[in-house]
Amino acid sequence: MDLEAFAARLSALRERALQAVRETADPSSLEQVEAAYLGRKGELRTLLGGIGGLPAEDRPRVGALANPIREDVERAIAQRRERLESIALEVRLAGERLDVTLPGRPLRRGSLHPLVETEREIARFFGRYGFVVYESPEVETDERNFEALNIPADHPARDLWDTIYLQPPDSEATGTPDDGRLLLRTHTSPGQIRAMHEMSPPLRVLTPGRCYRYEAVDASHGFEFFQVEGLMVDEGTSLAHLRGLLDEFAHAMFGAARATRFRPGYYPFTEPSVAFDIGCVSCEGSGCPACGRSGWMTILGAGMVHPVVLRNGGLDPERFQGLAFGMGVDRIAMLRYAINDLRVFLANDLRFLERF
Ligand code: PHE
């Protein structure tokens, strides 16, 4: 090989190397090209390794021929690297672009369930009179749900309040009321017994929560429903306090002009007992199908706490008197929102729930 042929091979190598560099599409293939031409085992080294075949006087000129070619290829690689890096950066930035002028995505706004809303409104009202919310369990003993409330096992009122009984796994339940068997409470009234045992008068509590009954379900009866119980015990508490409190309540919930009345009622745990009526919210008292043409609607049961119940709560009925009331949250909500079927409350139908 003479010097001319050597130069031709060098220049061919240069052309191939520059072509390969131009064709690279990413930094790692560029590295491969770099290694293939300029690396320790690359083509340039291999070619230079062959200068032994040149005449001795030509050898010193080899460096002068080869160095500019190496520099050309190195420069091309450096430029290509810069270009590839800037392309990669552009691609990344395009992916991360954020148009701050786009309109925001609307947030779906939730709302409180109408029963929760109503329960809170009731609690807010009585809160103004010093009643505190006192949570009481849904699973109760027969003793607290019935016996302590003056409803013995053979009492006819039990028929109204049949419920689901839970058999504790380790109990030898005999089926008699005093065997400690557990049940799903039929009303929030057992909360009265708990409150009287846990606190001492003067006490004013409001016990909201879920109740259960063996009930043929229809538009106005659920086997699962919500009540709010009120209990106030103090010295000198009277029926007049009860009347005044409930009047204020009816006016706050159903309008200041709403007519109210007490009717005699019966509950084993209150004496006297009353039903509390308001003027019909549908016909304003003139009589319509919604109020059975009477012009009145019953919204709750109430009365003066029976002396036996006070005693069962550990209190002396000679010294303390109590007033108590219990209302169905479902019923209050139905009247306020003009809903005629309570089954919609627990049906989980968004078309209904989204209206609140
Ligand atoms: N517990 C009664 C019921 O479920 C309501 C009530 C509560 C009546 C407190 C009087 C006093 O029907």
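In strand 4, Glu140 has Leu183 as its bridge partner. The strands and helices named here are DSSP runs numbered from the N terminus, where a helix (H or I) has at least four residues and a strand (E) at least two. The model is predicted, and therefore local features need a pLDDT of at least 70 and side-chain atom pairs count only at pLDDT 80 or more, while totals for chains, interfaces and linings use all residues. Residues are numbered from 1 along each chain as its sequence is written, and side-chain values use heavy atoms, with hydrogens and water left out.

**The protein as a whole**

There are 11 helices and 10 strands in the protein. Its radius of gyration, which is taken over C-alpha atoms, is 44 Å, whereas a compact globule of 356 residues would have a value near 21 Å; the globule rule behind that comparison is 2.2 Å times the number of residues to the power 0.38. Along the principal axes, the C-alpha atoms fill a box of roughly 135 × 55 × 40 Å. Of the 356 residues, 40% are buried, a word that here means under 20% relative accessible area, with exposed meaning over 50% and partly exposed lying in between (1.4 Å probe, protein chains only).

**The sheets**

Strands of a sheet pair through backbone hydrogen bonds, either parallel or antiparallel. In this report two strands count as paired if DSSP finds at least two bridges between them.

| Strands | Sense | Bridges |
|---|---|---|
| strand 1 and strand 5 | parallel | 2 bridges |
| strand 5 and strand 6 | antiparallel | 10 bridges |
| strand 2 and strand 4 | antiparallel | 3 bridges |

Strand 5 is mostly covered, since 8 of its 10 residues are buried. Within strand 5, Val205 stands opposite Val132, and Leu206 is the bridge partner of Val133. Val205 also has a bridge partner in strand 6, namely Leu231.

**The core**

A nonpolar core is a set of buried Ala, Val, Leu, Ile, Met, Phe, Trp, Tyr and Cys residues joined through side-chain atoms within 4.5 Å. The largest such core has 41 residues, and those with the most contacts inside it are Phe126, Phe249, Ile299, Leu300, Phe325 and Met327. Among the elements that give two or more residues to this core are helix 5 (114–127), strand 6 (224–234) and helix 8 (239–254), and helix 8 gives the most, with 7 residues. Contact means heavy atoms within 4.5 Å. If neighbours within four places in sequence are left aside, Phe126 is in contact with Phe131, Leu206, Leu245, Phe249, Phe325 and Met327.

**A buried glycine**

Gly42 lies in the loop between helix 2 (27–38) and helix 3 (43–49). With a relative accessible area of 0%, Gly42 is buried. Again leaving aside neighbours within four places in sequence, Gly42 is in contact with Ala35, Ala36 and Tyr37.
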